[in-house]
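Please look over the sequence and the model together before reading on.

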Amino acid sequence: MPPYLPTDKVMENIVGRKAMVEMMQNYEEAKKAYAAVGVDTEAAIQAVLDKPISIHCWQGDDVHGFEGAGELSGGIATTGNYPGCARNPQELMADFDVALSLIPGKHRINIHASYAITEEKVDRDALKPEHFQAWIDYAKQRGLGIDFNPTLFSHPKAADSLTLSHPDKEIRDFWIRHVKACREIAAYIGKELGTPCLNNIWIPDGYKEIPADRLGPRMRLKAALDEIFAVKYDPNCLIDCVESKVFGIGVEAYTVGSNEFYLSYAAKNDIYYLLDNGHFHPTEMVSDKIPALLTMFDKVPLHVTRPMRWDSDHVVLLQDEVREIAKEIVRNDAMDKVLIGLDYFDASINRVSAWVVGVRNMQKALLEALLLPGAKLKKLQDTEQFSEMMMLSEEMKMFPVGAVWQELCRRADAPAGMEWFDTVKQYEKDVLLSRG
């Protein structure tokens with residue numbers, strides 16, 4: 001391992017023995033404070049460490065992939081020119097290793113089909129499992145899972161923002177073949193790694209101006225999906241889901257894969273519906289949609305991002321809606337049911353830092369939720385003691401969650417505070433700046 005990567009006993013090495021002792025003492029005091037309101041900090045720590053988060057590979061290279069396609073299309077846009085963007089699989093994996101070393105717990109990699117590793121150009125409808133073997137080997141060596149996504153953008157056959165709903169059958173069939181291939185790849189990945197691979201279908205299809213026909217494109221999309229899902233795979237290897245969007249850049253007037261379409265399709269066809277908290281109207285709260293879906297689905301795939309104004313995919317911060325999302329996951333006993341992934345890309349800041357900040361914030365939100373006296377709060381609601389429920393919810397905000405977070409990091413041999421950024425700065429100096 002390079003010298004800038006943390007090794008064993010990283011916390012003691014970085015912060016010193018005295019600070020470590022103080023940290024552990026602070027945790028013991030916090031543990032007592034939480035126990036007084038019926039909260040088990042030990043269980044909370046373990047629950048966070050046991051919860052894998054699917055970390056999107058495309059933050060590391062600005063969604064370019066390995067096809068050499070050049071400009072992004074389909075409403076995808078990355079802004080900024082911060083130095084050090086990964087240019088090939090080796091650089092992307094190296095950057096990912098650094099990020100993982102600074103994040104507590106074991107996680108998953110989320111990759112798009114455009115990240116196939118091939119010796120020569122292979123079009124998307126001809127992709128095979130062997131084109132992702134390098135990713136599988138990488139994941140096996142590190143004990144990680146993998147999730148997958150067909151890539152229906154940034155391609156000549158998606159230039160007009162129409163794919164599975166395209167009126168041209170030849171183009172539509174190309175994308176059907178692509179998604180079929182991706183399901184086969186995802187099932188193979190799940191079998192090889194021994195953990196189900198989530199295959200998530202998102203398409204950019206829509207129109208910039210008000211369409212003359214809204215039903216036709218959706219009927220074509222339905223027919224395409226019916227053909228795609230006709231092949232059945234072992235659910236222990238493959239989890240199928242579809243992802244909606246309210247509108248996109250260049251398709252402001254009409255989106256084929258809307259919330260109503262995909263939610264209905266998923267419920268009727270025994271697949272899953274993925275919620276992305278940037279894909280709805282700015283006043284809608286995805287946190288409220290999670291318990292709604294849990295009434296009907298045994299799994300709820302989730303993409304967490306930070307929409308600024310709308311789906312602008314900013315780095316996840318520890319803000320109110322992220323906290324509410326975590327609360328709904330925890331209070332509904334859905335840590336195993338909600339499949340958490342992140343989805344953002346920012347080229348204006350250090351890309352490794354963007355990964356670390358986002359994942360750690362998702363974990364912090366989960367920890368905060370796990371440290372709430374959930375059973376007591378539910379009882380207060382059911383007995384209509386709303387004043388006390390409000391008081392208790394507010395008072396819990398000042399409890400020493402930071403001390404519990406530090407202990408969680410210590411046990412995972414990960415940095416607890418700002419010291420992790422020193423590693424990122426050193427890596428930037430040693431590696432990223434040399435990429436030009």
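This is a predicted model: local features need pLDDT of at least 70, side-chain atom pairs count only at pLDDT 80 or more; totals for chains, interfaces and linings use all residues.

Residues are numbered from 1 along each chain as its sequence is written, and side-chain values use heavy atoms, with hydrogens and water left out.

Helices (H or I, at least four residues) and strands (E, at least two) are DSSP runs, numbered from the N terminus. Their axes are lines fitted to C-alpha atoms, for helices over the stretch in contact, and the angles run from 0 to 180 degrees between N-to-C directions. Angles under 35 degrees count as roughly parallel, over 145 as roughly antiparallel, 65 to 115 as roughly perpendicular and the rest as oblique.

Helix α2 (residues 17-35) and helix α3 (residues 41-50) have axes that come within 9 Å and cross at roughly 110 degrees, which makes α2 roughly perpendicular to α3. Taking contact to mean heavy atoms within 4.5 Å, Y27, A30, K31 and Y34 in α2 meet T41, E42 and I45 in α3. The residues of this contact of α2 with α3 divide into four nonpolar, one polar and two charged, where Ala, Val, Leu, Ile, Met, Phe, Trp, Tyr, Cys and Pro count as nonpolar, Asp, Glu, Lys and Arg as charged, and the others, Gly among them, as polar.

For helix α4 (residues 89-101) and helix α5 (residues 133-142), the axes come within 12 Å and cross at roughly 25 degrees, and α4 and α5 are therefore roughly parallel to each other. The crossing in which α4 passes α5 is right-handed; a crossing is called right-handed if the near helix is turned clockwise from the far one by less than a right angle, and left-handed if anticlockwise. On the α4 side L92, M93, F96, D97 and L100 take part, and they meet A134, W135, Y138 and R142 in α5. By class, this contact of α4 with α5 has seven nonpolar, no polar and two charged residues.

The axes of helix α10 (residues 320-331) and helix α11 (residues 351-370) come within 8 Å and cross at roughly 55 degrees, so that α10 is oblique to α11. The crossing of α10 and α11 is right-handed. Here V322, R323, A326, K327, I329 and V330 in α10 meet M362, A365, L366, E368, A369 and L370 in α11, and the contact of α10 with α11 has nine nonpolar, no polar and three charged residues.

Individual residues come next, with accessibility described as buried (under 20% relative accessible area), exposed (over 50%) or partly exposed (in between), using a 1.4 Å probe and protein chains only. D95 lies in helix α4 and is buried, with a relative accessible area of 2%. A polar contact of 2.5 Å joins the side chains of D95 and Y427; such a contact is a pair of N or O atoms within 3.5 Å, of which, within protein, one must be able to donate a hydrogen and the other to accept it, and residues adjacent in sequence count only if both atoms are side-chain atoms. Leaving aside residues up to four places away in sequence, D95 touches G84, A86, V352, W355, Y427, L432 and R435.

R108 is found in strand β2 (residues 108-112), and at 12% relative accessibility R108 counts as buried. The side chain of R108 reaches the backbone oxygen of P196 at 2.7 Å. Among the residues that R108 touches, not counting those up to four places away in sequence, are I55, F96, D147 and P196; F96 is also one of the α4 residues that meet α5.

Two residues other than glycine have a positive phi. V63, with a phi of about 65 degrees, is found in the loop between β1 (54-56) and α4, and counts as buried at 6% relative accessibility. D313, with phi near 55 degrees, has its place in strand β11 (residues 310-314), and D313 counts as buried at 8% relative accessibility.

P204 lies in the loop between β4 (197-201) and β5 (206-207) and counts as buried at 5% relative accessibility. P204 and F153 are 51 residues apart in sequence and 7.0 Å apart in space, C-alpha to C-alpha.
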